[in-house]
Amino acid sequence: MHNGEVSYWWRARGIPPRRPSLPGSTEADVCIVGAGYTGLWTAYYLNRADPALRIVVLEASFAGYGASGRNGGWVTAELPGSRARYARHPRGRDGVRELEQHLRDTVDEVARVCTAEGIDAGLVKGGTLTVATSAAQEARLRHRLEQERAWGDDAGIVRYLERTELDDRLHVAGAVGALYSPHCARMQPAGLVAGLAEAVTRSGVRLYESTPVTSISAGRARTPAGDVRAPCIVRCTEGFTADIPGQHRTLLPMNSSMIVTGPLSDKAWKSIGWDRFETLGDEAHAYMYAQRTADGRIALGGRGVPYRFGSGVDHDGVIPTSTIAQLGRILRRMFPAATEAGLEHAWCGVLGVPRDWCATVTLDPQTGLGWAGGYTGHGVAASNLAGRTLADLVRRVPSPLTTLPWVGHRSPRWEPEPARWAGVHGLYALYRTADRLESARHTPRTSVLARMGDLISGIPH
Ligand SMILES: Cc1cc2nc3c(=O)[nH]c(=O)nc-3n(C[C@H](O)[C@H](O)[C@H](O)COP(=O)(O)OP(=O)(O)OC[C@H]3O[C@@H](n4cnc5c(N)ncnc54)[C@H](O)[C@@H]3O)c2cc1C
């Protein structure tokens with residue numbers, strides 16, 4: 001059983017040899033800090049729009065070391081934030097609807113670039129299923145569907161599947177129904193980020209690895225090897241942002257943990273189905289997410305230990321054995337047939353959570369400082385849209401993307417410790433208690449507990 005080693009996705013591909021670090025101080029037109037999806041998509045679209053731009057990307061570890069090489073592999077059109085909060089933007093509900101349409105189109109854009117650049121990410125657009133495994137979860141699914149309809153989402157965007165329809169696709173033990181949306185693809189995260197890094201360096205972007213940025217100010221990114229001077233500096237550091245001077249309370253590094261099974265037998269796949277490779281989640285408060293991998297396994301994730309005191313991050317993805325056991329129980333409960341395949345690898349990563357749970361894409365025209373992130377776990381497609389948007393903002397080209405409601409969005413700062421630690425752990429203790437009671441059929445009090453959790457955290461509904 002492997003634990004950590006960054007992720008199964010990287011172990012399966014092999015971590016590539018390190019690219020050179022920054023050799024000394026230099027100048028550029030645009031300096032991007034962080035080589036995950038956000039930084040690399042920004043570099044990719046900037047370079048495509050203007051190949052003459054001198055673009056430098058500075059990465060503390062290696063491209064894809066963060067969440068981009070560790071995630072659940074859902075290219076999801078899910079909004080990274082709350083509709084109601086984005087609707088406070090002057091463009092109101094129309095702006096939110098437009099942002100959502102762009103996110104749906106982005107699933108296809110990611111697939112298009114994979115094909116165009118020969119990126120082998122095993123991407124299959126099979127849609128996404130959210131299953132209910134208790135009466136309380138089913139009630140929440142139906143309520144969610146009503147809310148989607150009230151926002152104008154028709155059956156082409158999301159629809160309810162009765163138990164029999166769900167069973168035709170995928171057999172989840174105890175499932176009573178599901179929501180289905182076609183706007184999601186499954187992929188191998190490290191394949192995507194590795195392919196993107198190759199695509200940008202091939203086209204002349206300078207990507208320096210093992211180069212931590214120690215401070216960012218207008219016109220300058222400072223590193224131990226020297227400074228990069230550039231009129232535009234874009235911070236794309238997501239769950240690691242708290243370590244940058246001045247940013248300690250900007251984004252909370254929320255942990256998410258994953259396990260992957262060994263390859264399942266043909267017999268096991270026959271009993272489970274899952275031939276269309278939908279991504280799969282449930283409607284628990286402390287929800288799970290999963291995919292059928294291209295190499296015939298089940299990769300499944302959940303919250304695990306939600307947050308480390310003082311905004312600490314993991315060490316190369318190592319997770320506690322109690323979290324592995326917790327995720328293993330979910331896997332066996334939902335897919336008894338997968339038990340025989342055993343667990344092969346476990347890891348975790350951090351995602352960036354803003355205080356109001358709404359992502360942002362920003363460029364300050366006065367200072368030339370920009371940033372994007374706070375996707376709260378829905379960053380795979382959103383980072384592509386953010387990268388395209390930043391490319392327009394950096395070049396000062398007004399476009400339909402630069403007026404979307406997340407552009408320039410400002411979230412409040414997180415509370416100082418120990419309030420931050422106590423709040424996040426209190427929230428997940430309430431969520432887990434609510435889930436436990438629900439599975440024991442004590443439904444009425446659970447929603448009160450979960451809503452208390454939402455109030456503590458500020459999670460919008
Ligand atoms: C376990 C897990 C499962 C997830 N599942 C999904 C999913 O299925 N679908 C989905 O949409 N989203 C998912 N997410 C979220 C998604 O992976 C992220 O939103 C997305 O990868 C963010 O990309 P990024 O480039 O902004 O950040 P990252 O990929 O974290 O990249 C940030 C990079 O910045 C570098 N860096 C940090 N500080 C510095 C510094 N000071 N100097 C230089 N470099 C620095 C880091 O080393 C890192 O490489 C998941 C996240 C996790 C952790």
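The structure is a predicted model, in which local features need pLDDT of at least 70, side-chain atom pairs count only at pLDDT 80 or more, and totals for chains, interfaces and linings use all residues. Residues are numbered from 1 along each chain as its sequence is written, and side-chain values use heavy atoms, with hydrogens and water left out.

Two packed helices are described by the angle between their axes and the distance between the axes. Helices (H or I, at least four residues) and strands (E, at least two) are DSSP runs, numbered from the N terminus. Axes are lines fitted to C-alpha atoms, for helices over the stretch in contact, and angles run from 0 to 180 degrees between N-to-C directions. The axes of helix α2 (residues 37–49) and helix α10 (residues 380–394) cross at roughly 45° and come within 8 Å. Because of this angle, α2 is oblique to α10; angles under 35 degrees count as roughly parallel, over 145 as roughly antiparallel, 65 to 115 as roughly perpendicular and the rest as oblique. The crossing of α2 and α10 is right-handed, a crossing being right-handed if the near helix is turned clockwise from the far one by less than a right angle, and left-handed if anticlockwise. Contact (heavy atoms within 4.5 Å) involves residues of α2 including Tyr37, Trp41 and Tyr45, and residues of α10 including Val380, Gly387 and Leu390. The residues of this contact comprise 8 nonpolar, 5 polar and 1 charged. Here Ala, Val, Leu, Ile, Met, Phe, Trp, Tyr, Cys and Pro count as nonpolar, Asp, Glu, Lys and Arg as charged, and the others, Gly among them, as polar.

With helix α7 (residues 189–202), the axis of α2 makes an angle of roughly 35°, and the two axes come within 10 Å. This crossing is left-handed. Among the residues that meet are Leu40, Trp41 and Tyr44 in α2 and Leu192, Leu196 and Val200 in α7. The contact of α2 with α7 has 12 nonpolar, no polar and 1 charged residues.

The axes of α2 and helix α4 (residues 92–117) come within 14 Å and cross at roughly 70°; the two helices are therefore roughly perpendicular to each other. The crossing of α2 and α4 is also left-handed. Trp41, Tyr44, Tyr45 and Arg48 of α2 make this contact with Glu109, Val110, Val113 and Glu117 of α4. By class, 5 nonpolar, no polar and 3 charged residues take part.

In soluble globular proteins, nonpolar side chains tend to be buried together. A nonpolar core is a set of buried Ala, Val, Leu, Ile, Met, Phe, Trp, Tyr and Cys residues joined through side-chain atoms within 4.5 Å, where buried means under 20% relative accessible area, exposed over 50% and partly exposed in between (1.4 Å probe, protein chains only). The largest core holds 75 residues, of which Leu40, Trp41, Leu192 and Trp406 touch the most other members. Helix α10 gives the most to this core, with 9 residues. A second, separate core of 30 residues includes Leu170, Ala268, Ala290 and Ile324.

Asparagine 3 lies in strand β1 (residues 2–3) and touches residues including Ile319 and Ile324. Glutamate 238 has a positive phi of about 35° although it is not a glycine, and this residue is buried, with a relative accessible area of 15%. Arginine 396, likewise not a glycine, has a positive phi of about 55°. Arginine 396 is partly exposed, with a relative accessible area of 49%.

How values were computed: Lists of a residue's contacts leave out its neighbours within four places in sequence.
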